[in-house]
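Hi everyone, thanks for coming. Today I'd like to walk you through one structure, piece by piece, so please have a look at it while I talk.

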Amino acid sequence: MEKIVNLCKRRGFVFQSSEIYGGLSSCYDYGPLGIELKRNVKEAWWRDTISSRGDVVGLDCSILMHPRTWEASGHIANFSDPMVDCKLCKGRFRADHLAETRCPKQPSKLAGHCDGELTEPRSFNLMFKTHMGPMEDSAAAVYLRPETAQGIFVNFVNVVNSTRLRPPFGIGQIGKSFRNEITPANFLFRTREFEQMELEFFVPPGSDDGWYEYWKNRRLQWYTDYGIRPERLRLRNHESDELAHYAKGCADVEYDFPIGWQELEGIANRTDFDLKQHIAYSGKDLSYFNDQTKERFVPYVIEPSAGADRGTLAFLIDSYDEDGPENDRRTVLRLHPSLAPVKVAILPLMKRDGLDAKAMEIVEALRPYFAVSYDQAGSIGRRYRRQDEVGTPLGVTVDYDTMKDGTVTLRDRDTMEQVRVPIDDLFDIVRKKVAPPVYRGPLAPAA
Ligand code: GAP
């Protein structure tokens, strides 16, 4: 993890938030390369979960919602973690995370092992509370949403009425969520402000088991399609005593992070709990009437819920590699080319004799279509290494032969193979190389 954190800072993927003021714990800023990578992760999710399917649409809801939303969803009553305080070091810890939390004053010891006495566990609500308008009284209290899902549930009827979609269909959303985590930790893994990529898939009751299995498999495959090593991924079904009160089934896609196997994404069968709660609290009818079968029902919901930041971290960790002989090691991010922040680097062998101008011509020709980088500083070997380290899949070198025959050297990040290609072929070569994987598997459970 330390290598990833260092690379992220050095190469402009991720910075500590408000660093010049000493940083704000567990808050991070994405730098120029990091934002491109995260945008590509989100784009891959949006494309595969929403726009490439005919049965899912997108939504972008506001972060602040009517406070009754959180009463209905159960977040005000139940969205809490058990917390303990250490009377000696004054640390505050999650009671269920003591075995993996270090004492802030004596990091060689685990929380609670600094000879301090721990208080009894108390319940700590994780929602961030703020006030809307000029009055700071309880009537004006609102919450920063702790999940994007509820914005989808409260818009279920709006979407049904404004589209021709009928269950089974889904609504997806990507957006910020906020949780006042007691022990945020491990870089982007657990933060207090993060982005979620959530799909709520509404199905007729009775078909929920099949759709639940379908989405579990589909979501697991999504990660391997984008290059995550299958041996570092697993699907873990929750035991019945782990299930949330509303869930009929839940499974985590887990990744073998440097901190051990941890949740990357949760897939839950939320039954009709959320819609029924919003019916009860809003007094509005959120049921669906099928005018062909003349049946009225409250749909069940299958929810694959992924973290954009946690996903980005997993793609970074999984793609990180070091290879080459001891005296000539290189660091390389073997990112799937469609996720790579920069797609192709254009490198003039020399910054003179017209090679630089020719290279800039190629940059200008490709830049409207791809994320292109131009680098003329240092030896060509060092420039390749700089690109490998940030995962650029292709390097193009402009040399003296280019000026004679219009060809360039094309270098592949992973194999380091170099071939000669005409400049005129570059557009097609890059387009093919960085194309996202196309999913051709089933779009629904087998009947
Ligand atoms: N709507 C269901 C829901 O929010 P969750 O398991 O609490 O379920 C879903 O969150 C995903 O959101 C997690 O699998 C994780 O990827 C991401 N996530 C949750 N809390 C997070 C945090 N504090 N920091 C970063 N990502 C988080």
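Let me start with a question: which residue follows α8, and what is its phi? That residue is G283, and its phi is positive, near 75°.

Before we go on, a word on where this comes from. This is a predicted model, so local features need pLDDT of at least 70 and side-chain atom pairs count only at pLDDT 80 or more, while totals for chains, interfaces and linings use all residues. Residues are numbered from 1 along each chain as its sequence is written, and side-chain values use heavy atoms, with hydrogens and water left out.

Now the overall view. The protein chain has 13 helices and 23 strands; helices (H or I, at least four residues) and strands (E, at least two) are DSSP runs, numbered from the N terminus. Along its principal axes, the C-alpha trace spans about 75 × 70 × 50 Å. Of the 447 residues in the chain, 49% are buried. Here, buried means under 20% relative accessible area, exposed means over 50%, and partly exposed is in between, using a 1.4 Å probe and protein chains only. As for contacts, meaning heavy atoms within 4.5 Å, let's take those with a separation of 6 or more: residues 24 or more positions apart account for 65% of them.

Back to helix α8, which covers residues 273–282. Its buried residues are F273, D274, L275 and H278. They pack against α3 (68–73), α5 (149–154), α6 (156–162), β10 (193–203) and β13 (260–271).

A word on terms: on a 1 Å grid over the protein atoms alone, a cavity is a set of points where a 1.4 Å probe fits but cannot get out, and a pocket is an open set with protein on both sides within 12 Å along at least five of seven lines; lining residues have an atom within 4 Å of a point. Grid points are joined across faces, edges and corners, and a volume is the space filled by probe spheres set on the points.

The second largest pocket holds about 330 Å³ of space. It is lined by 17 residues, and H66, T69, V154, H278 and S282 are the ones nearest its centre. Two or more lining residues come from each of α3, α5, α6 and α8.

What about the largest pocket? Its volume is about 1,500 Å³. Among its 50 lining residues, F79, R179, H238, D252 and E263 are closest to the centre. Strand β13 gives the largest share of that lining, with nine residues. By class, the lining divides into 16 nonpolar, 14 polar and 20 charged residues. In this scheme Ala, Val, Leu, Ile, Met, Phe, Trp, Tyr, Cys and Pro count as nonpolar, Asp, Glu, Lys and Arg as charged, and the others, Gly among them, as polar.

Next, a pair of helices. Two packed helices are described by the angle between their axes and the distance between the axes. Helix α2 (residues 32–51) and helix α7 (residues 208–225) have axes that come within 12 Å and cross at roughly 145°. The axes are lines fitted to C-alpha atoms, for helices over the stretch in contact, and angles run from 0 to 180 degrees between N-to-C directions. On the α2 side, V41, A44, W45, D48 and T49 meet W215, R218, R219 and W222 of α7.

Some of those residues also line the second largest cavity, whose lining is D48, T49, W215, R218, R219 and W222. That cavity has a volume of about 30 Å³, and α7 supplies the largest share of its lining, four residues.

Leaving out residues up to four places away in sequence, K42 touches I174, E195, M197 and A308.

Finally, V342 sits in the loop between β18 (330–333) and β19 (344–348). V342 counts as buried because its relative accessibility is 11%. Its C-alpha atom is 5.0 Å from that of A371, which is 29 residues away along the chain. Beyond its neighbours within four places, the contacts of V342 include L33, A371 and Q387. Q387 also belongs to the lining of the largest cavity, which holds about 50 Å³ of space.
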